[in-house]
Amino acid sequence: MTANEAQREPVDNRDIYDITFIGAGPVALYGMYYAGLRLTRFKAIDPLEETGGALTALYPEKYIYDVGGFPKITAKELAQHLHEQATQYPHTLCLGERVESLERGDDGILSITTQAGVHFSRTVIICAGLGAFTPRKLELPDVERLDGHGIYYAVRRKADFAGRRVLIVGGGDSAFDYSMMLEPVAKSITHIHRNSFFSAHEDSIRKVQASTVEMRFPFWEVKAIHGDDHVTGATIHQTKTGEEIDLEIDAIIFNLGWLTSLGPIVDWGLTLDGNAIAVDRRMRTNIEGVYAAGDICTYDGKLKLISLGFGEVAIAVNNAKNYVDPRAKVAPGHSTDKHEIALKKASRKTKQNQPKELAVPPTKH
Ligand SMILES: Cc1cc2nc3c(=O)[nH]c(=O)nc-3n(C[C@H](O)[C@H](O)[C@H](O)COP(=O)(O)OP(=O)(O)OC[C@H]3O[C@@H](n4cnc5c(N)ncnc54)[C@H](O)[C@@H]3O)c2cc1C
C-alpha cells in the first residue's frame, strides 16, 4: 500500500474531501468542472458571497476579449457560464468563508481553517488570485473625502455613468476598456494619462482614439478634485508645459493599478516568489498535496491571464486526482468522450450516498 492509498483509508469520522479549492474565482470554477469530470469529491471556499472572483467583484460589466471561444463577453456573463459549468457535478460551495490557515497533518490530511470551522481534504488547489486587493490611490487631499461620491476605481454598473461627464485616468487595459464601455452611455468622456506610452492593447487604443472620447496624452495628470459632497470638477495639468484645464465632471475613474497582499497565505509555509506561490510544471507547491493555479501562482514565463489559469488548474486537478488515487491517469482523455459518462456516474453516486449541493457546515473547532 502506498502512502497515498493509506490516506484513502477511513481513518476517523472527519468529512474528508479529495480536492478543496481555496477561492471560487474563474480559475477555481474551471477547476471545479474538471474535478467533477474526473469524479472527485470536491469543494470550494471563498470569502465573497458569490462566485467569480475578480470578474464579479471588480469589473462585472467590463468586456473581456481574450478568452477562447468568446469574441466579446462581459466578465459577469463569463462568470455565470463558469459557475454553470462548475456546478453541474455534485459539489460543495462554502461562500462567506476566508481560509486563515492550512496545515498538513502527520496522516497527510490537510486541515483548512476558516472563521467558521475546519475543512479536511486530501489535496488543496490554491486559486486565491491576488489575495486581498485594494486600488492604488492618488495622494490628493480630496481623494479619501470624495471616495464613493463620484470617485471610482472600478465600474460595477454601467448605468451609474449614464448621462454623466466622466474623467478616466490611466493608460492600461482597464482604463481603455472603461472608455470603450462607457462611451455609448456617458454624456462625455475625457481620458488622460500621465506617461509617454500606453500599456493597453493596441486595438483598444485605436478604438478609443477613433471614438468621441477626448484623449489628453502624454503627461496629463489630475491636480485637484472639486466638490463638497460629490465630485463636481477636476483640475488637470500637463506636467511638462504647465498647461492647466478645469473640467466640469460628475465622476472620475482612477485606473492606477492594484496593491495586493496575500494576507494569511504568507504564513502557510509555502515557497513564495514575490507576491505569488512558486509552483513546478505540475502546479505543485513545496507542500505535498498542495497545488496552486491562476494569478496566485508563478513560474518562469507566467502570464496573469484567465485563459492561462484554465490550463494551469486543469493540470493541477489531473495531478491531484493521481495523487489521491495513484491508479488514475494524469492525462484524462477528452471531455468529448468523458463528459456524459462522468455526469451519469456522478448522478448514480449522488443517489447512492453523496450529498447533492451541500451547504454542509464545516466541522467546528
Ligand atoms: C480590471 C481588470 C481587468 C482584467 N481584464 C482581464 C482580461 O480582459 N482578460 C484576462 O485574461 N484577464 C483580465 N484580468 C485578470 C483576471 O481577472 C485574472 O487573471 C483572473 O481573475 C484570475 O483568476 P483567479 O481565479 O486566479 O483569481 P481571482 O479572480 O482574483 O479570484 C480569487 C478568489 O480567491 C478568493 N480568495 C482570496 N484569498 C482567499 C482566502 N484566504 N481564502 C479563500 N478565498 C480567498 C478571492 O475572494 C477571490 O474570489 C483583469 C483584471 C482586472 C483587475
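User: Which residue stands opposite A278 in β22?
Analyst: A278 stands opposite T298 there. Quick note before we go on: this is a predicted model, where local features need pLDDT of at least 70, side-chain atom pairs count only at pLDDT 80 or more, and totals for chains, interfaces and linings use all residues. Residues are numbered from 1 along each chain as its sequence is written.
User: And how do β20 and β22 pair, parallel or antiparallel?
Analyst: Strand β20 (residues 276-278) and β22 pair in the parallel sense, over two bridges. Two strands count as paired if DSSP finds at least two bridges between them. The strand names come from DSSP runs numbered from the N terminus: strands are E with at least two residues, helices are H or I with at least four.
User: What's the strand order in that sheet?
Analyst: The order is β19-β20-β22, an open sheet of three strands with mixed pairing. β19 (272-273) and β22 (297-298) are at the edges with a single partner strand each, so one side of each has no neighbour in the sheet.
User: OK, what about the sheet with β14, β15 and β16, which pairing does that have?
Analyst: Antiparallel pairing, in an open sheet ordered β14-β15-β16. Here β14 (220-226) and β16 (244-248) stand at the edges, each with a single partner strand, so one side of each is left without a neighbour in the sheet.
User: How many bridges link β14 and β15?
Analyst: Six bridges, with β15 covering residues 233-238. As an example, V222 has I236 in β15 as its bridge partner.
User: Switching to helices: at what angle do α2 and α4 cross?
Analyst: Roughly 25°, and the axes of α2 (residues 26-37) and α4 (residues 75-86) come within 7 Å. Axes are lines fitted to C-alpha atoms, for helices over the stretch in contact, and angles run from 0 to 180 degrees between N-to-C directions. The two helices are therefore roughly parallel to each other; angles under 35 degrees count as that, over 145 as roughly antiparallel, 65 to 115 as roughly perpendicular and the rest as oblique.
User: Last topic: which residues come nearest the ligand?
Analyst: G23, G25, G53, G129 and G294, out of 37 residues around the ligand. Being near takes a C-beta atom, placed from the backbone, within 6 Å. Elements giving two or more residues to this shell are α2, β2 (42-46), α3 (54-57) and α8 (306-324).
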